[in-house]
Amino acid sequence: MYGNGNLSQEAINQALSAFLLTFLAVIGVILVIAIIFYILKGVGVMKMAERVGIKNGGLAFVPIIGEYILYKVAFENNVMPILLLALNIGSGLFINMNSSSILWSLQIGTFPFGDVNIMAIILLVLCMVFMFYTLHKVYKKFSNKAVLMTVLTVLTCGLLSPIFLFAIRNNELRSESK
């Protein structure tokens, strides 16, 4: 295996296969957790949509429509969900269109389009702030621990939101005045 300061080809192959197996196992665990969180969020939003009276709440499992249904649960008016959905789609398109220039800048070491990078960061932060605000409104409608859930959601960068949405899905609708 190790002779005269050189690794044998067999040792290199074993190390590479162990690395690849570990990498695939980690990716598999992350994928399973992501699917579980997606199902938890979909079921939670679907049940809350039924409680609020939104038709076709089962569409909460469709990616863009699910976000729109979550916005409809949070806000009673028709304008805010459409604005937030447009912000999310627009920022996603902007970041995807400019990702090639960002990757190009990493390759050559200089970034001639500094404003694009700053704009992408601003859009991401703006989308996160509005998502946290939306989640707070939903938590407030269905739970008396909205502040605690919002703080934990922000501290975990949104990772706990599917669990919280699933946990409060069967709670009674609370009034907004509290």
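Hi everyone, let's start with a pair of helices: helix H1 (residues 9–52) and helix H2 (residues 63–74) pack with their axes 10 Å apart, at an angle of about 45°. Axes here are lines fitted to C-alpha atoms, for helices over the stretch in contact, and angles run from 0 to 180 degrees between N-to-C directions. H1 and H2 are therefore oblique to each other; angles under 35 degrees count as roughly parallel, over 145 as roughly antiparallel, 65 to 115 as roughly perpendicular and the rest as oblique. On the H1 side, the contact includes Tyr38, Val45 and Ala49, and on the H2 side, Pro63, Ile69 and Val73 are among the residues involved. Contact means heavy atoms within 4.5 Å.

A word on what you are looking at. This is a predicted model, where local features need pLDDT of at least 70 and side-chain atom pairs count only at pLDDT 80 or more, while totals for chains, interfaces and linings use all residues. Residues are numbered from 1 along each chain as its sequence is written, and side-chain values use heavy atoms, with hydrogens and water left out.

How confident is the predictor? pLDDT is its confidence in each residue, from 0 to 100. The protein averages 84, and 83% of the residues score at least 70. Confidence is highest in helix H6 (residues 161–167), at 96, and lowest in strand E1 (residues 2–3), at a mean of 51. Where pLDDT is low, the predicted coordinates should not be read in detail.

Now the overall layout. The protein has six helices and two strands, and from the N terminus on, the order is β-β-α-α-α-α-α-α. Helices (H or I, at least four residues) and strands (E, at least two) are DSSP runs, numbered from the N terminus. Of the 178 residues, 30% are buried. Buried means under 20% relative accessible area, exposed over 50%, partly exposed in between (1.4 Å probe, protein chains only).

Back to H2, and to isoleucine 69 within it. Is isoleucine 69 buried or exposed? It counts as buried, because its relative accessibility is 5%. Beyond its neighbours within four places in sequence, isoleucine 69 touches Val45, Ala49, Ile54, Asn56, Gly57, Leu59 and Ala60.

At 56% relative accessibility, asparagine 56 counts as exposed, and its phi is positive, near 60°. Most residues other than glycine have a negative phi. Cysteine 157 also has a positive phi, of about 55°, and lies in the loop between helix H5 (146–155) and H6.

Note on methods. pLDDT is the predictor's confidence in each residue, from 0 to 100.
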